Amino acid sequence: MNKEHELYKEDIRRLLSSEGFNALHKKTFLITGATGMVGTMLVDVLMALGDVKVYAVGRNKEKAAERLGEYYGSDLFSFIEQDVSKPLPVITADYIIPLASNTHPLAYSQYPVETMLTNIKGVEHALELAVRCHAKLIYPSTVEVYGNARGTDVFTEDYTGQLNLATSRACYTESKRTAEALCQSYIAEKGAQVVIARLCRIFGPTMLMSDSKASSQFIKKAIDNEDIVLKSEGKQYFSYTYVADAVAGLLTVLLYGENGMAYNVSSEKTNVHLRDFAQMCADYNGRKVVFDLPTETEARGYSVAMQAIMSNERIKGIGFTPYYNMADAVRRTIEILKAN
């Protein structure tokens, strides 16, 4: 993506204009999964502060150079090439953010074992380091820990929906639930400082072109000036969040969240039916939406949820205010990526 695009720089400037984030200055962060959608923008935001030290952990040095290479000459940035299923190097940090995870349907379908172990071992090693260096850890969880909604229920942080373990796709949801339980166990047994941010579905210009999520496929088609392909009737109604709002929510929970507490990171401004999301992307170029049934391999990785709307009252109570509406977020994403 083009990080020099004025819209992207505007996103970062707006995020850093919040006085609530002044507490980030002169802190040290260790971030796994630093080259993912959220990780890349998070690193860009932290590095823009000018006095924050960032240790970025990833499995692929070449991929990291493409996503974060502009920081390689900085004394405030270090890249560590490592699989998070192995113990992390002993580093003193103020904050640890284990973002490493498979986060799209094709990965769940093709690599369910890897998906589970990355989530569980990744948070275990992050928690061990947090306890050792007395760091505060924020665990980036997911809307999918709630299961399927009962009817039109809205997900509050204490909601428990319908769960189905008889599918390989459970690798993602159940490993995230296990990781949350492990966080609570480390708090109870080892006195860890941990907060949990349950992220809704996220989109934005830092997305990877290999991402197989529906939203990413819509955006890629819009960038290529093609009709938008929808793999269902599009009646699903989900909470989405633009990546800049997601990073703002993550940092709010990190700084102001209560130990052991979970917070939904979502925005009422970007709750949307899937067909309407697809239509917005199609309208950008005057194209149309085409309905196409998924292959068997694709279908194994897809969520069967029809509604997943998250309440954000708790996170608003600690200072989070979502900024972007859906139309603006879609436009910004396409224009930034199209500039490549």
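Student: How many salt bridges does the structure hold?
Tutor: The structure holds 24 salt bridges, where a salt bridge is a side-chain nitrogen of Lys or Arg within 4 Å of a carboxyl oxygen of Asp or Glu. This is a predicted model, in which local features need pLDDT of at least 70 and side-chain atom pairs count only at pLDDT 80 or more, while totals for chains, interfaces and linings use all residues. Residues are numbered from 1 along each chain as its sequence is written, and side-chain values use heavy atoms, with hydrogens and water left out.

Student: Okay, and what lets two side chains pair up like that?
Tutor: Side chains of opposite charge can pair when their charged atoms come close.

Student: Which residue meets D328 in a salt bridge at 2.7 Å?
Tutor: That partner is R331, with the 2.7 Å taken from N to O. Both residues lie in helix 12 (residues 326-338), 3 residues apart, which is about one turn of the helix; helices here are DSSP runs of H or I with at least four residues, strands are runs of E with at least two, and both are numbered from the N terminus.

Student: And where does R332 come in, relative to D328?
Tutor: R332 is also in helix 12, 4 residues from D328 and again about one turn of the helix away. The side chains of D328 and R332 meet in a salt bridge at 3.8 Å, N to O. Salt bridges that share partners join E10, D11, D328, R331, R332 and E335 into one network.

Student: Is R332 buried or exposed?
Tutor: R332 is buried, with a relative accessible area of 4%, given that buried means under 20% relative accessible area, exposed over 50%, and partly exposed in between, using a 1.4 Å probe and protein chains only. D328 counts as buried as well, at 19% relative accessibility, whereas R331 is partly exposed at 31%.

Student: What about K221, what does its side chain meet?
Tutor: The side chain of K221 meets that of E226 in a salt bridge of 3.1 Å, N to O. K221 is partly exposed, with a relative accessible area of 26%, and E226 is partly exposed too, at 33%.

Student: Switching to rings: how many aromatic pairs are there?
Tutor: A search of the whole structure finds 15 aromatic pairs. Rings of Phe, Tyr and Trp (its six-membered ring) pair if their centres lie within 6.5 Å, and planes under 30 degrees apart count as stacked, over 60 as edge-to-face and the rest as tilted. In one of these pairs, the rings of Y108 and Y172 have centres 4.6 Å apart and planes at 20°, so the pair is stacked. Y108 lies in helix 4 (residues 105-110) and Y172 in helix 6 (residues 170-190), so the pair ties together parts that are 64 residues apart in sequence. Y108 and Y172 are both buried.

Student: And Y240 with F277, stacked or edge-to-face?
Tutor: Their planes stand at 85° with centres 5.0 Å apart, so that pair is edge-to-face. It links distant parts of the chain, with Y240 in strand 9 (residues 237-242) and F277 in helix 9 (residues 274-284), 37 residues apart. Y240 counts as buried at 4% relative accessibility, and F277 does so at 0%.

Student: Which residues form the aromatic cluster?
Tutor: F203, F218, F238, Y240, Y242, F277, Y323 and Y324 form one aromatic cluster. The charged end of R201 sits over the ring of F238, 3.7 Å from its centre, which is judged by NZ of Lys or CZ of Arg being within 6 Å of the ring centre and within 35 degrees of the ring normal.

Student: New topic: where is T118?
Tutor: T118 lies in helix 5 (residues 112-133), and at 12% relative accessibility T118 counts as buried. Its side chain reaches the backbone oxygen of E114 at 2.8 Å. Not counting residues up to four places away in sequence, T118 touches V84, A100, S101 and V123, where contact means heavy atoms within 4.5 Å.

Student: Last one: is D158 buried or exposed?
Tutor: D158 counts as exposed, at 64% relative accessibility, and its place is in the loop between strand 5 (136-142) and helix 6. The side chain of D158 makes a polar contact with the side chain of T156 at 2.6 Å; a polar contact is a pair of N or O atoms within 3.5 Å, and within protein one must be able to donate a hydrogen and the other to accept it, with residues adjacent in sequence counting only if both atoms are side-chain atoms.
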